[in-house]
Amino acid sequence: MEVSVVNHGFGVLSNTEAGLSEQEAIARLKQDGYNELPSARSRNLLAIAWDIAQDPIFLLLVGGGIIYWILGDLQEGLILLGFVFFIMGISLYQEGKTEHAMEALRNLSSPRALVIRDGQRQRITGREVVRGDVLVLAEGDRVPADAIVLSCSNLSTDESLLTGESVPVRKVAADIDAQDDKMARPGGDDLPFVYSGTLVVQGQGLAQVRAIGTQTEMGTIGNALQGLKLEATPLQQEMTRLVNRLLGIALSLCVAIVVIYGLTQGHWLQGILAGITLAMAILPNEFPVVVTIFLALGAWRISKRQVLARRASAVETLGSATVLCVDKTGTLTLNQMAVQQLLAYESTNDQAEKPHTYDLSLHTREPLPETVHPLVEFCILASQRDPFDPMERAFKQLGDRYLADTEHLHNDWQLLREYPLSPQLLAMSHVWRSADGQQYEIASKGAPEAIADLCHFTPDQQQKLALQVSQMADQGLRVLGVAKAPLDTPPPSLPPHPSLNPQHLPDQQHDFPFQFLGLVGLSDPVRPTVAEAIQECYTAGIRVVMITGDYPGTAQTIARQIGLMQMGAIMTGAELDAMDDAELQQRIQSTNIFARAVPEQKLRLVKALKAKGEVVAMTGDGVNDAPALKAAQIGIAMGQRGTDVAREAAALVLLDDDFSSIVQAVKLGRRIFDNLRKAMVYLLAIHIPIAGMSLIPVLFKLPLVLLPVHVAFLHLIIDPACSIVLEAEPADPSVMQRPPRPSKEPLFGRKTVNIALLKGGGILAIALIIFVIALYRGQGELDARALTFTTLILANLGLILSESSNSRLSLSILKSPNVSLWWVMGGGLFFLGMVLYIPVLRRLFSFALLHPIDLVICLIGGLICLIWFEQLKGLTQPRKVVKSSSRKPA
């Protein structure tokens with residue numbers, strides 16, 4: 001068998017660590033199944049049908065059919081039961097569509113895993129990890145399966161999920177001879193095993209999967225992952241309260257109608273039919289169903305724009321966002337770093353002289369001068385061998401291109417120890433030993449001021465360095481400092497033999513005699529879609545705040561390129577720390593750019609913005625970002641470069657790390673809430689005339705207008721209209737030209753309810769007038785019922801047409817991309833024609849034959865209703881954003 005070799009930053013590894021081939025992975029996936037525990041599965045067709053059959057509307061329809069059968073009206077009973085199956089078909093389609101959306105979201109929300117296959121790193125869903133896969137673990141990752149550690153650097157994991165002990169445990173690499181040993185139980189330091197569901201809290205490593213799914217330690221204990229659930233959101237809680245109130249009223253009215261009808265007219269079965277009709281007319285069962293459908297399909301639609309909604313509450317909150325706080329690197333920029341400028345010093349004394357400056361953008365085809373070789377060499381030594389970080393990849397690419405045939409690349413050196421980046425010191429160092437064990441080098445890179453601290457710069461040297469950094473930052477470059485600390489002989493406590501433990505090295509980076517090598521300037525192009533998205537935010541009344549670890553000059557240059565409004569001076573992280581909360585709340589109103597900020601400061605910014613009444617959307621990717629993501633009303637984690645900790649703390653996951661996707665999600669969030677409000681107004685409005693025409697004839701001893709079969713027919717239009725037609729309506733053209741919706745504004749506010757009452761009351765008035773006039777003219781019960789029912793259907797279709805657009809109706813509605821609108825409109829008219837002019841159906845519906853003049857009367861009634869709906873739109877037109885003239889471009 002041919003042995004392949006691959007580098008991953010932990011030394012040179014054999015073909016075992018090179019990972020499986022794709023063919024092997026596919027074969028093992030077929031053999032063992034997916035890496036998942038027993039979870040909430042999608043419902044099959046029978047389960048959905050059973051749930052639908054328990055809906056009150058269907059139970060009422062079945063009850064009505066049984067009563068007709070008892071009364072001897074077998075045809076009436078059969079047609080009513082036919083409607084049961086017809087409406088069930090519509091409901092199955094709606095539920096199936098929702099279930100499909102939920103399944104898509106479950107797949108997207110599966111934890112991600114970084115594996116090595118065919119010698120290349122690949123990020124896959126955690127459920128696709130198979131036995132034998134080599135995992136690449138880093139700080140903040142959730143371990144996707146039980147595995148044995150092949151190699152590691154300062155690796156520690158939190159196993160409290162399995163052991164209950166919150167103290168992280170250290171991990172060591174397994175001995176080559178012991179890699180076939182059985183996995184031990186979790187808990188305790190210095191074990192070479194990691195376990196599914198545990199969290200990497202420090203360091204990095206490679207591990208080979210031993211067990212997946214139910215075979216893991218978590219599977220043995222019996223913890224079941226429940227997958228993605230749409231929990232009860234504030235909106236759904238509001239609906240529950242509304243339904244509970246209406247339910248009591250509806251049941252009381254139904255009982256009263258049965259009693260009144262039975263006592264006054266002596267027909268108790270007819271009274272029960274009247275009660276069933278009223279119950280079908282006013283029971284509010286559609287309201288919570290529609291909310292659930294809208295939120296589930298809304299989350300699915302947002303995922304199509306590369307944004308995963310992990311919590312349903314984020315879907316309804318998106319439209320209320322007033323501030324977007326975003327990272328610069330990778331969100332506003334492409335995160336495709338390239339080294340552009342090098343400033344090299346030959347020795348520390350060079351601080352008094354002008355450094356050697358080399359701009360790669362001006363010398364793309366020329367070799368690097370010898371003076372900058374050490375600078376590039378130690379950039380690479382201070383990075384991972386097979387880097388994942390964009391900056392470290394840029395250093396490696398630079399070395400591969402220019403130093404491949406020199407002595408400055410050291411692929412055979414051994415990494416002894418890594419000193420990681422910390423909030424106290426923004427620099428990281430690697431201790432290396434040469435292949436012959438005779439040379440030791442320490443390479444460090446990080447924030448220039450941190451490297452200057454390691455090199456013990458004098459105040460004068462620090463001032464000169466700050467000026468050079470500022471000049472590079474003003475060009476939009478991200479600037480890092482580089483230093484080295486050569487050890488000509490091994491430390492007395494560290495024998496040269498490569499297999500001995502390097503724990504005797506100093507505990508702090510400061511203990512090494514660092515020598516400053518120079519500065520590296522990296523450029524990161526701005527995403528081409530960002531400038532337009534920023535302007536769309538301003539048009540929508542949304543403020544954009546940029547938070548970056550870069551220098552103020554770099555931040556200002558990027559802000560100028562993307563058109564970010566700068567209302568006041570740039571604030572640095574140091575200035576932020578010097579302020580108390582009250583001063584920060586005051587300053588944050590006039591600051592849109594925060595530079596030299598560390599992740600821990602994001603939490604203070606979120607709290608300050610929330611204290612001023614803002615609805616904050618905050619992006620983040622690291623472990624330290626998790627508190628801020630959880631504190632923000634809308635936490636947004638990066639899907640590509642983000643840690644699992646950040647993704648679990650966030651409400652949204654940005655799958656492509658692109659700022660414009662956030663803006664599109666906000667637009668969709670506004671559209672979802674707009675359409676949901678349309679559906680709620682429609683439902684409430686259309687139930688008013690149905691309930692009124694079921695109740696009024698009983699109270700005034702008039703002939704019954706609506707029977708159960710008529711209400712069932714209306715539901716054939718109502719159900720798809722609210723959950724299919726209105727849900728699919730495209731966003732209003734002005735949706736991003738109005739201010740954000742107040743976060744505490746209820747769906748059923750006083751204004752919304754009043755508009756619905758006016759619309760429903762208008763339909764009821766017209767229908768009642770036509771019914772009474774028909775009876776007054778002596779046309780008879782069947783004529784009056786046919787006229788009234790036809791008017792109700794036409795008014796219902798007019799209401800759907802009116803609700804499908806926020807603006808006034810025009811001929812442009814004919815170009816609507818919402819195909820389901822025309823299916824429902826056409827289907828409603830087609831079936832109305834059938835029940836009016838097919839004798840069998842006409843008798844079943846207890847109608848008389850309508851003449852052309854009758855149809856004209858009904859049509860005029862429907863048009864009057866439509867005109868009334870359009871006039872009421874003037875009360876609901878949202879105001880547009882007026883741009884503030886106090887803002888200025890950065």
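This is a predicted model: local features need pLDDT of at least 70, side-chain atom pairs count only at pLDDT 80 or more; totals for chains, interfaces and linings use all residues.
Residues are numbered from 1 along each chain as its sequence is written, and side-chain values use heavy atoms, with hydrogens and water left out.

Let's start with strand 22, residues 616-620 (strands are DSSP runs of E, at least two residues, and helices are runs of H or I, at least four, numbered from the N terminus). In a regular strand the side chains alternate between the two faces of the sheet. Here Val616, Met618 and Gly620 sit on one side and Ala617 and Thr619 on the other, and all are buried (under 20% relative accessible area; exposed is over 50%, partly exposed in between, with a 1.4 Å probe and protein chains only). With 5 of its 5 residues buried, strand 22 is therefore largely enclosed by the rest of the structure.

What about its neighbours? Strand 11 (residues 323-327) runs parallel to strand 22 and is joined to it by 3 bridges (strands pair if DSSP finds at least two bridges between them). Strand 23 (residues 634-638) is parallel to strand 22 too, with 4 bridges. Met618 is the bridge partner of Cys325, and Met618 also stands opposite Gly635 in strand 23.

Now for the rings: the whole structure holds 10 aromatic pairs (Phe, Tyr or Trp rings, using the six-membered ring of Trp, with centres within 6.5 Å; planes under 30 degrees apart are stacked, over 60 edge-to-face, the rest tilted). Phe830 and Phe831 have centres 5.5 Å apart and planes at 70°, so they are edge-to-face. Phe845 and Phe847 make a tilted pair, 5.7 Å centre to centre with 40° between the planes.
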